[in-house]
Each structure stands twice: as C-alpha cells, then as structure tokens.
Amino acid sequence: RAEFEENFSKLESAGIERDDLYLAWDFTVASDRNNYHRALAMRDQAFADLGDTDLSDLVPEGGAPSFQVLSVEENPNPRQIARRVKGTFQVPCYLFPTCGPFGTMQLGSDGLPIRNPVPWTANFDCIVPVSVASGPPAAGRPVLYGHGLFGRAAEVASGPQRELAQNHRMVKCATDEIGMSETDVPVAISALQDLSRFPAIPDRLQQGLLDELYLGRL
C-alpha cells in the first residue's frame, strides 16, 4: 500500500490526479540488451568457430558445422518427395550438465553463458522434392522449417510441407526446436510444479536458436 501511495504521489506531480485513474501500477522492464545479449554472445562465438567473425556483412565465410548422414530414403512419397535425408550435426553447447532436457546456463563474471566443452549433437530431417530431383535441371530453394509447441523435426515431412516443397521447389530441413520440442514436455511439467525449475525452458530455447542457426549454415 505504501508503494502505491508513492506511485499516486508521483503521478499527481506529473499532472495526473488519483481520481482520474482506473488503475495504477509499477513494474520492472527489461532492457533490449538484457533480452538478447546471451543469445547473441552464443551466436557470435559459435560462428567465429566456423571462421565467420562478421555476421553483419551477410556474407557466409569459413566452414560449415560437422555433420553425419544417418539415413537416406528414396521416393518416400512418390510424386512429391524424391528423397528424405536424416542425420545429426554438431553445435557448441552452452548448457550444463548437457544440452539435453533440464540443462541450464552457467554464467561467467561478464554475465554471459559459459561454453560446455562437450558439443551438442542436434538432429536434422530434410526432404528433397521431385520437382527439384527430376526433369529439367532446377535449383532447390533451401528452407528451414520450424515446428510448433512440443513438436518435432519429423513434421517437416507432413502433408502440407511436402506439398509446399513440391510446388515451390523447396529443399526443406528441420531440427528439433529444443526448449519447445517434444523432448521438453517433462521439463514444462516439472516447471509448472516448481517454478524454480523454469530457467531450464528459456535457457534451452536459446540453445535451440543456435541449433537452428547452425542448421541454416550447414
């Protein structure tokens, strides 16, 4: 109550009378830097590892993330998808003890995430449409697909995505958007029961952003 009285006094000094108010409150807001500086620091360090130290010039430089193809399926969807390729790729990890579910950031003295010496193995799932793989030579347009809440990369091969890829010559790739993927359901349930566990969600979401950026570079 004392805090609100102070608010009313400040508003009155600014020419806003208490009787003219429907509701008055105060709250702490986050700065832009506070919102993005951890994710950008992770991004810049990770891309510097690939040899690209100036992302602002929009010119890809250096190498690509290391990857491994685990399976290649030919003609999984005749007349739509000519090839489906699944595999993994390596991403710098900024969570502890791992980048798996329940992993959280550890911050250094500068307030930025400390890098885990053990990299994260992310997954990828790609579809190549018939429109690119057959007939006259045609360039496939690379597209990153992102699933919805508690989804998974495999959704890239769903009916609507296959149709879109075929009609518009898109080679579509996806990775599990960790932090909001199917594997994060236990984390969300745990956080609802104990809010002190909530940081595991936004921390892993930021790692998920880095995974997506690395897949784009790959």
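**View 1. Leu-218 in the segment after helix 6.** Helices are DSSP runs of H or I with at least four residues, numbered from the N terminus. The model is predicted: local features need pLDDT of at least 70 and side-chain atom pairs pLDDT 80 or more, whereas totals for chains, interfaces and linings use all residues. Residues are numbered from 1 along each chain as its sequence is written, and side-chain values use heavy atoms, leaving out hydrogens and water. Leu-218 counts as partly exposed because its relative accessibility is 33% (buried, under 20% relative accessible area; exposed, over 50%; partly exposed, in between; 1.4 Å probe, protein chains only). Leaving aside residues up to four places away in sequence, Leu-218 touches Ala-64, Pro-65, Phe-67 and Phe-89 (contact, heavy atoms within 4.5 Å). Pro-65 is 153 residues from Leu-218 along the chain, yet their C-alpha atoms are separated by 5.8 Å.

**View 2. Asp-211 in helix 6 (residues 200-217).** Asp-211 is buried, with a relative accessible area of 0%. Residues up to four places away in sequence not being counted, Asp-211 touches Phe-89, Val-91, Trp-120, Ala-122 and Ile-178. Between Asp-211 and Arg-141, 70 residues apart in sequence, the C-alpha to C-alpha distance is 20 Å.

**View 3. Leu-23 in the loop between helix 1 (2-13) and helix 2 (32-50).** Leu-23 is exposed, at 62% relative accessible area. Together with Phe-4, Tyr-22, Trp-25, Phe-27 and Val-29, Leu-23 makes a nonpolar surface patch of about 830 Å². Such a patch is made of residues with over 30% relative accessible area and no salt bridge, nonpolar side chains (Val, Leu, Ile, Met, Phe, Trp, Tyr) being joined within 5 Å; a salt bridge places a side-chain nitrogen of Lys or Arg within 4 Å of a carboxyl oxygen of Asp or Glu. Accessible areas come from the Shrake-Rupley method with a 1.4 Å probe.

How values were computed. Patches are made of residues with over 30% relative accessible area and no salt bridge: like charges are joined within 9 Å, nonpolar side chains (Val, Leu, Ile, Met, Phe, Trp, Tyr) within 5 Å. Helices (H or I, at least four residues) and strands (E, at least two) are DSSP runs, numbered from the N terminus.
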